[in-house]
Every structure is written in structure tokens, then in C-alpha cells.
Amino acid sequence: MAYGSDYLAVLLLLLSVQSSLAHLRSENGVKTDVFLSPKFVLEPGSVSNKYYYNVDFPRGHIAIKSFNAEVVDEKGNPIPLHETYLHHWILVRYHHRKGVDSPKQHSSDLGFHVSDHIIIKNNGVCDSGLSQYFGLGSETRRTPTYVPDPYGIEVGNPEDIPVGYEEGWILNVHAIDTRGAEDKLGCTECRCDLYNVTVDEYGHVLPKNYNGGLRCCYDESRCRVKDGFRGLKRGLYLRYKVEYVDWDASIVPVKIYILDVTDIWTRADESRGLRARHHCLIEYDVDSCPVGVANEGCSHTKSLTVSLPIGGDVIYGVGHQHSGGIGTTLYGEGGRLICSSNPTYGKGNEPGNEAGYIVGMSTCYPSPGSIKISAGEMLTLVSNYSSSGSRGHAGVMGLFYILLADSSEKMSAVLQAPAEAHKSVTMSNFSRVIALFGVAVVVVVVFVIRGRSGRGEGYEAI
């Protein structure tokens, strides 16, 4: 009897089916890695604001598709904002000299620009600060960061890394433990009186009109808690997830621009040999409603007019604001809307829905080529905050992230390739499915025939 060879053939067919299905599942090539930052320890009122060098990150020539993060405890449980407020986290790319040990951590960004550690800034215009590739705050759990196909943030290109250096990443996590805080909102706004400081971490005397901000809630400072409140120290981590693909010619690279509404822009003067200057203050205060103005619905608006040296297609946009923010918008010339980003406030107690906190910012994903920014075009960034209440807000931010892709004819030609490739892959997948269907039919027929062979004569082995 030839049953053994028949069943062997069927087994080979089944293995072929499984192999093909596995190939289909990995067709898009997106990989996901999840890491933990080094542990930081907090107790009620305490602050951690450390920079971690050479953190775990996917290596090689890749295109980053998204980066998401949240604070978790030692068991991996997400921590709500009303216990530990995530003021911000930022991810900075750099090149460090081979054979030279990077510090494990540092309580400030001092030492970034020494010869052994070269910061690779984004394409933003700020002269100092805001050099990160990614960065969010309390809104991190519910703010999409995915870069759509066929685009990606290119990193790890060996041609861009100087000889004798290798690429690494610096992670800054600024977290404030507000358990038992006398004034939770005041602690998150880093109000100087609550931290009982008159000098910053470098020993510089704070200006009298500096009510609150980053200079008052530096690493290991402490916000005032209620008398008699006791709470345990606990180890926490920033858990971050990176989605990426291996780099290939079909991916269209995007440039990262971060705009800051506090930017003090001094235009270039070629006649005097002066280049443009962008002094970004990063934070600002929102005054309370003026006396005599209806308090309900009172708002504060701050705006910036600036231009980018290079234009392109807008692929993604999102704003960053603190509690009290009511939305931020980027306009082109003539009031043309480029992107609006509005906050979502939580309504409960669970992580990702904490009442009174911004838990997400809306994003913009224009159709490729539908929204363009011309090189040198005057852009207007508007940041709105509620100024209701008796004291306004201190140390707020009005940032805007945009991803731009080259809109040149050459890049347009490149854009056609992924579409055709996608069509080809789709047809290939369809053909593969048809083939698999045919294989399945053969398998069924084999078993039917074998079944009939067991009941009667006259059937040859296939």
C-alpha cells in the first residue's frame, strides 16, 4: 500500500502552508522592542530628573515608526499621574567615542557637548534645548506617535556616524511624586514657594518674578506635603516601546521640527554677517484673569511667528501643553490651517484617565502631499491656556512637533515606488492566498480519497 507516501506528501503540503502563513504574518516587517529605563526611587514630594546615557534601544540602520512610554512600578503596574506626575520624558540621539565609557546617569545635561559625546539634534530651529527626537509628558499614554507608511525617522546610518564613534541614546525622565502633596497642581507646575527654593540646581539666584518652572523642581528637590503624611519609597521605571523597521530604499525619511511658542527670533542680517538666532525659553507663565473680567471661560493666548529654512510635506503634527492648556494650532501664511492639537482631560482615577490631568493630545495625519510648508514660509504658532482661577499657571509649555518629508519631484518619484511595491505585494499576497487555497483543496481531496480507499477498491494513490 502507498498510504505512507501519500501522508508524507500531505505533511509536506501542510508544512508548506504553515511556512507561507508565517511569511504573510511578517510581511510588513515592523518590529517591536520594549525596554525599561534604569530605576529611579521616589517618596512623597520628591523629584527625579535624571539623564540616562546609552539606554537600551534597537541598533542598526533602521526607521523608527513610533515611540511610546509610561511610568510603571517594579511589578510592571502602570502608575497614575495623581501619584507620580510625569512632567516630561525626552529621547536624545548622540554619538559617543568608542572605548570611552559613558556615565550611567547624570542629574543635568551638563557634559552633552564634549568631544566624546556629540548630540545629534532634530531639525528644529532652537539654538539650545529641545534637541530631542521624541518627548511628551502627562499625555504620553493616549497620544499617537506612529509615523505612517512609507515614511520613517532614519537613524543608525553608518555613513552618518564619525569614524571611531558609535550611536547611542540619552533618556531624560522628569517625575514628581505628589502623594500627600499639599497642592498637587502647584507641585506639578513646579511653583518655587512649594519647593522652598530661591536658587536653581547650579546655585544661580532665581529672579524675583520667577514663580515656577523647571528651575525650581530639579533632581532631588522636594515639594511640600501635608503635615504628618507618610508614604513609602518605591522604585519606578519608564517603560518604553519602540516600533521600527530595517531601513531600505522604499522608505521616505522625515525631518523632525519642534517649535516653541516662547522662541525669541532674531532674523539674519547678511549685510552684518549675522545669522538667525532662536532663543527658546521653553516655558512661560499664564496670568490669571484681569480684575473686572468674567472669570469663567477666561483664556490666555501666546503666539509665535517664525519660518523654517527648509519646507516639505507635513506628515504628522502634535502639540505639547500642561494642565490648563486648551489647545494649540499651527498656521501657514494667510491663516492657512496646518494642524490643530487639542488636549483630552481625564475623568477618573485609573492610569490614562486621571481627572484634571491632560492624558492625551490630538494629532494630525494629513494625506501625503495635501499640506505643504514652503521654505521660508512665515508660520504662526498659537498656544491657548485657561486663565480662570485666582493665580493662573506657572511653568507651562507651548511646543509643537511636526514631521516633514521632502516634497521635491525626486521625492515624489520615490513616493510612487512604495505604492507600486504595495500593489505588487498585495497581488503577490492574493496569488499566495489562491495558491494556499489550492493546496488546501488538494489536502482535502487526498483525505477524501484515502477515506474512500478504506471503504472500496478502484482508487489509485495520488
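1. Is glutamate 43 buried, partly exposed or exposed? Glutamate 43 is partly exposed, its relative accessible area being 23%. Here buried means under 20% relative accessible area, exposed means over 50%, and partly exposed lies in between (1.4 Å probe, protein chains only).

2. Some notes on the basis of these values. The model is predicted: local features need pLDDT of at least 70 and side-chain atom pairs count only at pLDDT 80 or more, while totals for chains, interfaces and linings use all residues. Residues are numbered from 1 along each chain as its sequence is written, and side-chain values use heavy atoms, with hydrogens and water left out.

3. The structure holds 21 salt bridges, a salt bridge being a side-chain nitrogen of Lys or Arg within 4 Å of a carboxyl oxygen of Asp or Glu. One of them joins the side chains of glutamate 43 and arginine 222, at 3.1 Å from N to O. Glutamate 43 sits in the loop between strands S2 (40–42) and S3 (47–52), and arginine 222 in the loop between helix H3 (192–195) and strand S11 (234–246), so the pair ties together parts 179 residues apart in sequence. Helices (H or I, at least four residues) and strands (E, at least two) are DSSP runs, numbered from the N terminus. Arginine 222 is partly exposed, at 42%.

4. A salt bridge also forms between aspartate 116 and arginine 97, with the closest N and O atoms 2.8 Å apart. Aspartate 116 lies in the loop between strands S6 (105–106) and S7 (117–120), and arginine 97 in strand S5 (residues 84–97), 19 residues apart. Aspartate 116 is partly exposed at 23%, and arginine 97 is partly exposed at 30%.

5. Glutamate 354 and arginine 141 meet through their side chains in a salt bridge of 3.4 Å, N to O. The two are 213 residues apart: glutamate 354 is in the loop between strands S20 (343–345) and S21 (358–361), arginine 141 in the loop between strands S8 (134–136) and S9 (151–155). Glutamate 354 is buried, with 0% relative accessibility, whereas arginine 141 is partly exposed at 26%. Salt bridges with shared partners join Glu70, Arg141, Arg239 and Glu354 into one network.

6. Strand S26 (residues 399–405) has seven of its seven residues buried. On one side these are Leu399, Tyr401, Leu403 and Ala405, and on the other Phe400, Ile402 and Leu404.

7. Strand S26 runs antiparallel to S12 (residues 252–260), joined by seven bridges; strands pair if DSSP finds at least two bridges between them. Alanine 405 is the bridge partner of valine 254. Strand S17 (residues 312–320) also pairs with S26 in the antiparallel sense, over seven bridges, and glycine 319 has phenylalanine 400 as its bridge partner.
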